[in-house]
Amino acid sequence: MEFDLENPLKSLVELNFDALPSLFQAESDHMPTENYIRNLMSEVSDFNFRREVISIILQFNYDFEPVLCYLAINYLDRFLSSKGMPQSKPWIIRLLAVSCVSLAAKMKETEFSMADLQPEGGLIFDAVTIQRMEVLILGALNWRMRSITPFSFIPFFISLFKIKDPQLIQALKARATEIILKAQTEIKILEFRPSIVAASALLSASHELFPMQIQSFKRNISKCSCVNSETLMSCYSIINDIAIGGYISVSGVAGSSETPVNVLDRHCLSYESEVNTTSTEATTGMVRVETGVKRRRIGDFCNEKTFQLSQIQGC
């Protein structure tokens, strides 16, 4: 069954508001920790690592629906929040990005192949290596893959606006979705619960589409017992600036003992030598740095010099 971001709980059917308290109660379990967010704001290396992984994930927007990449970034933040920042190696960055997108695509039941996740050039990972990284991510997330995101709360908050015209509802929902996607990479947004982000995005969209009714919409949302009015206004201020393009981005981006480093510790890095070398049979799980037009997948046999990845960890 395909995972619907608007319906993350299996018991929810359309607008079954009886299940909404469960959404509000569980949403914090699908957020990164406060310490993770503080480190992103204070540690340049952490900030840069996240930015680089996200930049790769967002490249898949051309091949998959944007909400799939949103889900992948949610997995990324929760994983890094649980496991900490790994070494900033190019292969780790790409492997983590590919694995998060792969998991999101599986949850969305999107058809794809490994070739779709690994364009020509660069590092190529075999299926076994990606699966190992996926298991590491799954463990860090406690197998909570049905993420509660801002999209999970949009139908509920729209219902509070009492809009009758289906076309206006669809326009409001579409614009709010655009705003949520636009704000997904901003570190400051990670501080707020998904429900608050959803409400803020809808208010921002309402300000554009129904400016005369914005104050009424604010009052309706603020009456919700699960919404803190002060927090809502803080988030709305940031979200609205992002929506109109006036926000100064700080992101720079439009259970296991294993770590991302040793996921590939048993594998090899292969490169083309400029001089003739003795043919060496490569082991399964090889990562190849592409220097020519032709590429080979990890696990292929090649006539290139090889060395253990663990020998270059300190490079």
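Student: What should I keep in mind about the numbering and the model?

Tutor: Residues are numbered from 1 along each chain as its sequence is written, and side-chain values use heavy atoms, with hydrogens and water left out. Because the model is predicted, local features need pLDDT of at least 70 and side-chain atom pairs count only at pLDDT 80 or more, whereas totals for chains, interfaces and linings use all residues.

Student: Why are α10 and α12 called oblique to each other?

Tutor: Helix α10 (residues 194–209) and helix α12 (residues 229–244) pack at an angle of about 55°, with their axes 8 Å apart. Angles under 35 degrees count as roughly parallel, over 145 as roughly antiparallel, 65 to 115 as roughly perpendicular and the rest as oblique, and α10 and α12 are therefore oblique. Their crossing is right-handed, a term used if the near helix is turned clockwise from the far one by less than a right angle.

Student: Which residues in α10 meet α12, and how are the residues of this contact classed?

Tutor: With contact meaning heavy atoms within 4.5 Å, the residues in α10 include Ile196, Val197, Leu203 and His207, and those they meet in α12 include Leu232, Met233, Tyr236 and Ile239. By class, the contact of α10 with α12 has eleven nonpolar, five polar and one charged residues, where Ala, Val, Leu, Ile, Met, Phe, Trp, Tyr, Cys and Pro count as nonpolar, Asp, Glu, Lys and Arg as charged, and the others, Gly among them, as polar.

Student: What makes α10 largely enclosed by the rest of the structure?

Tutor: A residue is buried under 20% relative accessible area, exposed over 50% and partly exposed in between (1.4 Å probe, protein chains only). In α10, 13 of the 16 residues are buried, so this helix is largely enclosed. Likewise, 15 of the 18 residues of α4 are buried, so α4 is largely enclosed by the rest of the structure.

Student: How do you know that the length of α10 agrees with the span its 16 residues should have?

Tutor: The expected span is 1.5 Å times one less than the number of residues; for α10 this should be 22 Å, and its end C-alpha atoms are 22 Å apart, which agrees. Helix α4 (residues 66–83) reaches 26 Å from its first C-alpha to its last, close to the 26 Å expected, and just after α4, Gly84 takes a positive phi of about 90°.

Student: What makes α3 oblique to α5?

Tutor: The axes of helix α3 (residues 44–58) and helix α5 (residues 90–107) come within 9 Å and cross at roughly 50°, and that makes α3 oblique to α5. The residues of their contact divide into ten nonpolar, no polar and two charged.

Student: Why is Glu109 called partly exposed, and why is Trp143 called exposed?

Tutor: Glu109, in the loop between α5 and α6 (114–117), has 48% relative accessibility and therefore counts as partly exposed. Trp143, in the loop between α7 (127–140) and α8 (154–159), is at 60% and so counts as exposed. Most residues other than glycine have a negative phi, yet Glu109 has a positive phi of about 55° and Trp143 has one of about 65°.

Student: How do you know that Lys223 is exposed?

Tutor: Lys223 has a relative accessible area of 67%, and is therefore exposed. Lys223 is found in the loop between α11 (214–222) and α12.

Conventions. Axes are lines fitted to C-alpha atoms, for helices over the stretch in contact, and angles run from 0 to 180 degrees between N-to-C directions. Helices (H or I, at least four residues) and strands (E, at least two) are DSSP runs, numbered from the N terminus.
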